[in-house]
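The sequence and structure come first.

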Amino acid sequence: MSELAKLIEVSQSTVIFSGAGMSTESGLMDFRSADRGMWNNRNPIELADIEAIGTNRDEFIRFYKWRVQEMNNHQPNEGHHMLADWERRGLINGIITQNVENYHDLAGTRRIAKLHGDLGTMRCMNCNEQYSSQIYLPSHETTSCSSCGGFIRPNVVLFGEMLSQTSLQFAAQLMREADLFIVLGSSLSVSPANQFPMQAKANGAKLVIVNYEPTATDRYADLVIHESIGATLREADAALGGLSRLG
Ligand code: APR
């Protein structure tokens with residue numbers, strides 16, 4: 001029987017913590033995989049840092065146009081849909097995600113704490129008018145606000161920026177309630193997001209890490225699975241059968 005399924009079966013409040021590895025089986029790149037991470041041949045500080053909007057704007061726009069197109073050209077994978085089904089059945093309490101592509105939303109998950117923002121929406125840096133990410137599709141030439149002419153940027157948290165208090169508070173609430181905290185596809189190398197697994201452990205939760213590559217937090221985990229997220233969730237889903245905690 002799947003070790004992961006056994007832990008989910010006895011848990012009263014399971015929380016998922018997802019990283020870029022959750023979406024590689026959709027066809028998106030992650031950031032730090034040894035063989036194909038986005039940051040292996042790009043400098044994140046030149047592209048995804050708040051300073052880049054001023055010092056390297058053309059590259060910044062090209063990079064996020066590419067990421068919006070990638071997000072639109074791919075879709076949630078089986079793992080996203082299984083997690084949404086587990087939430088509907090009361091098997092998970094919610095998802096804390098570092099990911100900015102809206103695949104957990106599209107798969108139907110309701111309780112999502114988005115630590116690093118949302119690539120599906122944009123805002124004017126001057127007047128804060130909100131836009132859809134369609135603005136960054138190749139068919140759109142301008143990234144200037146139609147109301148004030150300001151620069152329209154993605155609603156993602158850039159390096160050098162603070163995380164939203166609302167997201168952090170919701171994530172902290174989910175983490176506090178958790179008696180089982182499952183990391184799916186993260187190198188756990190970016191703070192403050194990478195503090196959540198250890199904080200959950202300190203709160204008495206069991207910690208599971210599902211990640212191809214080892215992380216510095218593995219040694220504190222109750223269960224480490226260096227396998228594909230999709231295969232791991234499929235095996236757990238089969239072992240859970242039709243288990244539901246709703247009514
Ligand atoms: N199954 C299991 N593990 C996988 C899979 C998969 N299908 N695909 C990739 N992985 C693992 C990789 O081995 C890697 O260790 O997922 C991990 C992804 O780590 P990162 O690329 O560092 O992504 P993440 O941890 O989400 O990055 C955190 O860094 O650049 C910032 O804002 C960005 O939110 C991002 C943050």
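R88 has a relative accessible area of 48% and is therefore partly exposed; buried means under 20% relative accessible area, exposed over 50%, and partly exposed in between, with a 1.4 Å probe and protein chains only. This is a predicted model, in which local features need pLDDT of at least 70 and side-chain atom pairs count only at pLDDT 80 or more, while totals for chains, interfaces and linings use all residues. Residues are numbered from 1 along each chain as its sequence is written, and side-chain values use heavy atoms, with hydrogens and water left out.

R88 and D85 both lie in helix 5, 3 residues apart, about one turn of the helix. Helices (H or I, at least four residues) and strands (E, at least two) are DSSP runs, numbered from the N terminus. A salt bridge is a side-chain nitrogen of Lys or Arg within 4 Å of a carboxyl oxygen of Asp or Glu, and by this rule the count comes to 11. Three of them are tabulated here.

| Salt bridge | N to O distance |
|---|---|
| R88 and D85 | 4.0 Å |
| R89 and D85 | 2.8 Å |
| E59 and R62 | 3.0 Å |

D85 counts as partly exposed at 25% relative accessibility, whereas R89 is buried at 12%. Through shared partners, salt bridges join D85, R88, R89 and D237 into one network. In helix 4 (residues 57-73), E59 and R62 are 3 residues apart; E59 is partly exposed at 34% and R62 is exposed at 53%.

Helix 5 spans residues 78-88, and its buried residues include M82, L83 and W86. The buried residues of this helix pack against several elements, among them helix 1 (3-10), strand 1 (14-18) and helix 9 (229-240). At the start of helix 5, a side-chain oxygen of N77 comes within 2.8 Å of the backbone nitrogen of G79. Just after the helix, G90 has a positive phi of about 75°.

S186 sits in the loop between strand 7 and helix 8 (196-202) and is buried, at 6% relative accessibility. Its side chain makes a polar contact with that of Q98 at 2.9 Å; such a contact is a pair of N or O atoms within 3.5 Å, and within protein one must be able to donate a hydrogen and the other to accept it, with residues adjacent in sequence counting only if both atoms are side-chain atoms. The S186 side chain also reaches the backbone nitrogen of L188 at 3.0 Å.

Strand 8 (residues 206-210) has 4 of its 5 residues buried, so it is largely enclosed by the rest of the structure. Strand 7 pairs with strand 8 in the parallel sense over 5 bridges; pairing requires at least two DSSP bridges. F181 stands opposite L207 in strand 8.

Key: Contact means heavy atoms within 4.5 Å.
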